[in-house]
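Here is a short tour of one protein model, written for someone who likes to know the cut-offs behind each term. Have the viewer open and follow along.

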Amino acid sequence: MKVNIRVIILSSFVLLLLSLMIIRSCTRPPKKGALIYKEKCASCHGMNGEGFRNLIPPLTDSLFLMQNADEFACYVAYGLKKPILVNGVEFEQPMQGIIELNPVEIANVANYVYEKWGDPNKKFTPQEIENRLANCE
């Protein structure tokens, strides 16, 4: 039985591509969260989560972020209308929601934000986000 060298090369190439796709899919969610943050959130909160003067609250070193993890999905999707106290500064500027984001996208951005500026051990799942969105006030 003669083995065709082309079949071996083609099979090796396909296996290499599949391996790369699997590795890439494992690293995609944090990158997606960063992309969503950059596109939808950074214009107000800053690329480094620093906020903007006394108008937009920072996400960095924020006790508010840590204490409101359960409400994070609601804030992202529906916004925030009431004044909040962040790092000793009151912020009254309303935050617009981003209603077009789905639970997977909100989970990705939440994981990015909490990994970068909150609790890196805090992980959000799309199901958890969906459940929280169903209970927003």
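## Overall make-up

Among contacts in the protein between residues at least 6 apart in sequence, what percentage join residues at least 24 apart? The figure is 54%, where contact means heavy atoms within 4.5 Å.

Before going further, please note that this is a predicted model, in which local features need pLDDT of at least 70, side-chain atom pairs count only at pLDDT 80 or more, and totals for chains, interfaces and linings use all residues. Residues are numbered from 1 along each chain as its sequence is written, and side-chain values use heavy atoms, with hydrogens and water left out.

The secondary structure comes to 5 helices and 4 strands, and from the N terminus on the elements run α-α-α-β-β-β-β-α-α. Helices (H or I, at least four residues) and strands (E, at least two) are DSSP runs, numbered from the N terminus. Of the 137 residues, 34% count as buried; buried means under 20% relative accessible area, exposed over 50%, and partly exposed in between (1.4 Å probe, protein chains only). The protein exposes about 9500 Å², with carbon and sulfur atoms supplying 59% of it. Accessible areas come from the Shrake-Rupley method with a 1.4 Å probe, and for residues only the protein chains shown count as cover.

## The nonpolar cores

In soluble globular proteins, nonpolar side chains tend to be buried together. A nonpolar core here is a set of buried Ala, Val, Leu, Ile, Met, Phe, Trp, Tyr and Cys residues joined through side-chain atoms within 4.5 Å. The largest has 24 residues, and Y37, F72, I106 and V113 are those with the most contacts inside it. Helices α1, α3 (72-78), α4 (103-117) and α5 each give two or more residues to this core, and the largest share, 8 residues, comes from α4. A second, separate core of 6 residues includes F64, L80, V86 and F91.

## A buried arginine

Is R132, at 16% relative accessibility, buried or exposed? R132 counts as buried because its relative accessibility is 16%. This arginine sits in helix α5 (residues 126-133). The side chain of R132 makes a polar contact with the side chain of D70 at 2.8 Å. A polar contact is a pair of N or O atoms within 3.5 Å; within protein, one must be able to donate a hydrogen and the other to accept it, and residues adjacent in sequence count only if both atoms are side-chain atoms. Beyond four places in sequence, R132 touches A69, D70, A73, C74, K122 and F124.

## Two loop asparagines

N48 is found in the loop between α1 and α2 (63-67), and N68 in the loop between α2 and α3. N48 counts as exposed, at 52% relative accessibility, whereas N68 counts as buried, at 15%.

Not counting residues up to four places away in sequence, N48 touches T60 and W117, while N68 touches Y75 and Y114. N48 and L59 are 11 residues apart in sequence and 8.4 Å apart in space, C-alpha to C-alpha.
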